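Dear colleague,

I am handing over the structure below, and I would be glad if you could look through it alongside the notes that follow.

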Amino acid sequence: MSPKATRSPNSPSRSLGGCFDCAMKLYESFPNADFDQVQIANQMGMSATSGAFKSLLSDLKQYDLITKSANGDFAVSSAVKEYSVADDFEKTAIKYSFATKPRLFMQIIENQGFHLPDANTLANVLVARFAFNKAKASKTAKALWESLEWANAIDE
């Protein structure tokens with residue numbers, strides 16, 4: 001019997017910028033209405049049954065770009081709606097809150113003393129300290145780095 005592959009902790013695999021673009025597309029189509037998975041998939045040009053779509057849906061929820069409604073459908077989060085009418089200062093704060101919304105992202109940032117190493121080193125940290133498999137560690141490290149860059153939260 002072969003050893004079972006390490007199952008990595010739940011975390012986004014995509015950066016916030018791309019996910020945010022998806023959320024804005026949903027907001028344009030459904031500003032005040034709920035929508036289901038098939039409608040999300042159609043908006044993104046994806047199959048609602050594909051693994052890639054399920055991963056995207058998870059990422060959108062983890063960044064708090066969409067929320068699940070009482071009836072099991074989804075809605076654009078109030079934070080996305082706030083962003084659409086915010087001034088530049090407020091937009092910066094909202095972007096940072098999206099980037100740090102995934103629980104595991106905040107744990108990683110805190111674990112690193114609010115100073116992230118480069119993405120390759122960070123991927124090794126995820127394997128060693130957070131029990132990620134190598135493939136998911138690389139995706140998550142890249143997603144975290146790119147998300148914080150998108151939110152203008154990376155110091156040179």
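Across the whole structure, which is a predicted model, a search finds five aromatic pairs. In one of them, the ring centres of Phe30 and Phe35 lie 5.0 Å apart with the planes at 35 degrees, so this pair counts as tilted, and both Phe30 and Phe35 are buried. In another, Tyr63 and Phe105 have ring centres 6.1 Å apart and planes at 70 degrees, and the pair is therefore edge-to-face. This pair links distant parts of the chain, since Tyr63 is in the loop between α3 (51-62) and β1 (66-68) while Phe105, 42 residues apart from it, belongs to helix α6 (residues 103-111). Tyr63 is buried at 0% relative accessibility, and Phe105 is likewise buried, with a relative accessible area of 0%.

Ring pairs also join Phe20, Tyr83, Phe98 and Trp150 into a cluster.

As for the largest nonpolar core, it has 48 residues, among which Ile40 and Leu65 touch the most other members, and helix α1 (residues 16-29) contributes the most to it, with seven residues. Leaving aside residues up to four places away in sequence, the contacts of Leu65 include Cys19, Phe20 and Phe98.

Finally, the count of disulfides is zero. The sulfur of Cys22 has its closest cysteine sulfur in Cys19, 6.0 Å away, which is too far for a bond; Cys19 is buried at 0% relative accessibility, and Cys22 is buried at 15%.

With kind regards

Key
Residues numbered from 1 in each chain as written. Predicted model: local features only at pLDDT ≥ 70, side-chain atom pairs only at ≥ 80, totals over all residues. Heavy atoms only, no water. Core = buried A, V, L, I, M, F, W, Y, C linked by side-chain atoms within 4.5 Å. Buried < 20%, exposed > 50% of the residue type's maximum accessible area, 1.4 Å probe, protein only. Helix = DSSP H or I, 4+ residues; strand = E, 2+ residues; numbered from the N terminus. Contact = heavy atoms within 4.5 Å. Disulfide = S-S within 2.5 Å. Phe/Tyr/Trp six-rings, centres within 6.5 Å; stacked < 30°, edge-to-face > 60°.
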